Amino acid sequence: MDQKEQKPYIFTEICLQSIYCKDNSCQLNHSRVFVGVCVEYLRNEQQFYDEGGEEYEQTKCNKKDCNLWHFQNDKFSDQLSKQTINGIFPHNLCPKSCGFENCGYLHRKWAEKVCFNQILKGSCRNKQCELEHVRWELDILKERARSCSLNQDTTPEDLCEKEKCNCGKHPPWLNDYCILYLKGLCPNKKCIKNHTDWEKINTKINQKKCFKVLYHHRSRKKKKNSFNT
Ligand SMILES: [Zn+2]
Ligand SMILES: [Zn+2]
Ligand SMILES: [Zn+2]
Ligand SMILES: [Zn+2]
Ligand SMILES: [Zn+2]
Ligand SMILES: [Zn+2]
């Protein structure tokens with residue numbers, strides 16, 4: 001992502017609950033890129049500097065049991081520039097792979113047993129750590145993610161999010177889905193397009209649906225034609 005093009009976030013405009021927000025009238029930004037990140041902490045840091053502070057020294061937010069990543073603004077910007085896998089940022093994923101829906105993170109089969117200290121902090125200091133120490137950028141995780149998807153021919157990274165664009169990266173079977181969401185960047189809580197996890201989008205069913213509509217259309221045309229003759 002081009003750093004110059006990315007407008008700096010104003011963190012008071014970001015919803016603390018991100019995609020888990022239940023308030024239908026909430027007007028804040030709900031981009032999935034914030035899943036797993038403590039937005040409260042980012043807000044606090046931003047406010048500190050806005051008020052003329054010199055060096056922000058807090059390492060966490062004020063919530064005692066907060067289990068999210070406490071990134072300062074710089075580190076968060078770094079994370080934004082990282083490549084996604086199936087549209088997922090490394091900080092989106094639950095470091096404990098706990099599987100509970102309300103833990104604040106995402107859970108993906110392909111990222112279980114991966115050590116996120118290694119991936120996000122650059123090293124793992126726990127000598128007893130039994131998790132896998134792999135690099136995010138290497139193909140091994142990408143391949144695993146692909147094998148866990150119903151769509152194995154393409155990934156959100158291959159798609160174009162622009163509206164009214166003819167670049168060829170707009171498969172018709174994805175017409176109803178929000179591509180920005182698949183990339184983790186749609187700010188809308190209520191969006192005109194579907195917000196569905198990539199791994200749950202079934203290409204074959206969608207392609208069949210497309211085909212059915214087409215087929216239906218054709219057979220009706222045929223009938224009409226035979227009627228006329
Ligand atoms: Zn919200
Ligand atoms: Zn926190
Ligand atoms: Zn979890
Ligand atoms: Zn480790
Ligand atoms: Zn395009
Ligand atoms: Zn959307």
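This is a short tour of a predicted model, one selection at a time.

**Stop 1: the whole chain**

Select the protein chain and colour it by pLDDT. The mean pLDDT is 88, and 86% of the residues reach 70 or more. Now go to residues 224-229. There pLDDT stays under 50, and the model has zero contacts beyond four places in sequence for this stretch. Where pLDDT is low, the predicted coordinates should not be read in detail.

Switch to a cartoon view. How many helices and strands does the protein chain have? There are six helices and zero strands. From the N terminus on, the order is α-α-α-α-α-α. Of the 229 residues, 24% count as buried. Look at contacts with a separation of 6 or more: residues 24 or more positions apart account for 50% of them.

**Stop 2: helix α1**

Select residues 39-50, which form α1. This helix has 12 residues. From its first C-alpha to its last, α1 reaches 16 Å, close to the 16 Å expected at 1.5 Å a residue.

Next, show the side chains of V39, Y41, L42 and E45. These are the buried residues of α1. Turn the view to look down the helix axis. The buried residues fall within an arc of 160 degrees, so they line one face of α1. What do they pack against? Select residues 73-80: this is α2, and the buried residues of α1 pack against it.

Stay in α1 and pick F48. F48 counts as partly exposed, because it has 15 C-beta neighbours inside 10 Å, where buried would need 20 or more. Leaving out residues up to four places away in sequence, F48 touches G53 and Y56.

**Stop 3: the nonpolar cores**

Select F34, V37, C38, V39, L42 and L93. They belong to the largest nonpolar core, which has 27 residues, and they have the most contacts inside it. Which elements give two or more residues to this core? They are α1, α3 (116-121) and α4 (139-147). Now colour domain 1 (1-81) and domain 2 (86-149) separately. Both domains give residues to this core, so it lies between them.

Zoom in on C38. Not counting residues up to four places away in sequence, C38 touches C61, C66, L68, W69 and H70.

Then move to Y177, Y181, L182 and W198. These are among the eight residues of a second, separate core.

**Stop 4**

Most residues other than glycine have a negative phi. Two residues here are worth a look with that in mind.

Pick S18, in the segment before α1. S18 is not a glycine, yet its phi is positive, at about 45 degrees. Is S18 buried or exposed? It is buried, because 21 other C-beta atoms lie within 10 Å.

Now pick K164, in the loop between α4 and α5. Phi of K164 is also positive, near 50 degrees, and K164 is a residue other than glycine. K164 is exposed, with 5 other C-beta atoms within 10 Å.

**Stop 5: P171**

Finish in the loop between α4 and α5 (179-182), where P171 is found. With 17 other C-beta atoms within 10 Å, P171 is partly exposed. P171 and C160 are 11 residues apart along the chain, and their C-alpha atoms are separated by 9.5 Å.

Methods. Residues are numbered from 1 along each chain as its sequence is written. Chains are lettered from A and ligands numbered from 1 in the order in which they are written. This is a predicted model: local features need pLDDT of at least 70, side-chain atom pairs count only at pLDDT 80 or more; totals for chains, interfaces and linings use all residues. A nonpolar core is a set of buried Ala, Val, Leu, Ile, Met, Phe, Trp, Tyr and Cys residues joined through C-beta atoms within 7 Å. A residue is buried if 20 or more other C-beta atoms lie within 10 Å of its own, exposed if 12 or fewer, and partly exposed in between; C-beta atoms are placed from the backbone. Helices (H or I, at least four residues) and strands (E, at least two) are DSSP runs, numbered from the N terminus. Domain bounds come from an automatic or database domain assignment. Two residues are in contact if their C-beta atoms, placed from the backbone, lie within 7 Å. pLDDT is the predictor's confidence in each residue, from 0 to 100. The expected span of a helix is 1.5 Å times one less than its number of residues. The arc is that of the directions from the helix axis to the C-beta atoms.
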